[in-house]
Amino acid sequence: VDLSIGRGEFVALAGPSGAGKTTVAGILLGLVPGYCGRVVVNGGPDLAEIDLDRWRSRIGFVSQDTHLFHGTVEENVTFFDADLAPRVEAALEAASAAGFVRALPLGARTTIGDRGLALSGGERQRVALARALVRAPEFLILDEATSELDAESERAILEAVARLRGRVTVLFVSHREAVLRAADRIVVLEEGRVVEGPGPA
């Protein structure tokens, strides 16, 4: 895979099942050891040579399977880090989640039940997006984050991602037409190779 992503760019990564899309995301997250080749960040050293904890602290990640806990909205956004509490409202706004959270009985202090079952699927994904954004990441990776959502929920997430354009680099793994239309560039993988849209070297 020969792929370049520019700072602040919104790239959609598409392709058939098994093409390697999630593997690419996993490599960028530092979760796939022993890969061949190099991953270079900002012209610096290879990803394998840098502090992965520090690198991951610069990344927000939202997967298809949302993991929420039996706690409040605020606790789920901050991942129980009380130091992040002052940033919760801004993160919810950025994730297009502030409106429905304000309507909850206790707002962001409402308990949402085991796995967030008090919320709809789209609301759970927006809380997960707020969690990814609360630490002000430089790089946001979404892996099929809207694949099981209705059109309205998907639109809300894409509007949130669009507001990040130019400030946060976004890689959105998806086959959904709405995501592909919203992206600055589409990269297509087939059988582990980029066949369209690799970008500048």
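Reply: Happy to, and let's start in the sheet of this predicted model: Ala12 stands opposite Phe172 in strand 4. That position belongs to the pairing of strand 1 with strand 4, which run parallel and are joined by 4 bridges. On its other partner, strand 1 (residues 10-14) pairs with strand 5 (residues 185-190), again in the parallel sense and over 4 bridges. There, Ala14 stands opposite Val188 in strand 5.

Strand 5 then leads on to strand 6 (residues 193-196), and this pairing is antiparallel, with 3 bridges. Glu190 stands opposite Arg193 in strand 6. The hairpin made by strand 5 and strand 6 has 2 residues between the strands, and Glu191 takes a positive phi near 50° there.

Stepping back to the whole sheet, 6 strands form an open arrangement in the order 2-3-4-1-5-6, with mixed pairing. Its edges are strand 2 (59-63) and strand 6, each of which pairs on one side only. From one strand to the next, the twist averages 25°.

A search of the whole structure finds 4 aromatic pairs. One of them joins Phe10 and Phe172, which are stacked at 6.3 Å centre to centre with 25° between the planes. This pair links distant parts of the chain, since Phe10 sits in strand 1 and Phe172 in strand 4 (residues 169-173), 162 residues apart. Phe10 counts as buried because its relative accessibility is 2%. Phe172 is likewise buried, because its relative accessibility is 0%.

Trp55 and Phe139 form another aromatic pair, this one tilted: the centres are 6.3 Å apart and the planes are at 50°. Here too the pair links distant parts of the chain, with Trp55 in helix 2 (residues 52-56) and Phe139 in strand 3 (residues 139-143), 84 residues apart. Trp55 has a relative accessible area of 7%, so Trp55 is buried. Phe139 has a relative accessible area of 10%, so Phe139 is buried as well. Elsewhere, ring pairs link Phe69, Phe79 and Phe80 into a cluster.

Helix 1 (residues 21-28) lies across strand 1, strand 2, strand 3, strand 4 and strand 5, and runs at about 150° to strand 3. Helix 6 (residues 121-133) lies across strand 2 and strand 3, running at about 165° to strand 2. Strand 2 is the edge strand mentioned above, and strand 3 is the one that carries Phe139.

Helix 6 also has a helical neighbour. Its axis and that of helix 7 (residues 151-162) come within 9 Å and cross at roughly 15°. Angles under 35 degrees count as roughly parallel, so helix 6 and helix 7 are roughly parallel to each other. The crossing in which helix 6 passes helix 7 is right-handed. On the helix 6 side, the contact is made by Gly122, Gln125, Arg126 and Leu129, and these meet Ser153, Ala156, Ile157 and Ala160 of helix 7.

Methods
Residues are numbered from 1 along each chain as its sequence is written. This is a predicted model: local features need pLDDT of at least 70, side-chain atom pairs count only at pLDDT 80 or more; totals for chains, interfaces and linings use all residues. Side-chain values use heavy atoms; hydrogens and water are left out. Two strands pair if DSSP finds at least two bridges between them. Rings of Phe, Tyr and Trp (its six-membered ring) pair if their centres lie within 6.5 Å; planes under 30 degrees apart count as stacked, over 60 as edge-to-face and the rest as tilted. Buried means under 20% relative accessible area, exposed over 50%, partly exposed in between (1.4 Å probe, protein chains only). Axes are lines fitted to C-alpha atoms, for helices over the stretch in contact, and angles run from 0 to 180 degrees between N-to-C directions. Contact means heavy atoms within 4.5 Å. Angles under 35 degrees count as roughly parallel, over 145 as roughly antiparallel, 65 to 115 as roughly perpendicular and the rest as oblique. A crossing is left-handed if the near helix is turned anticlockwise from the far one by less than a right angle, and right-handed if clockwise.
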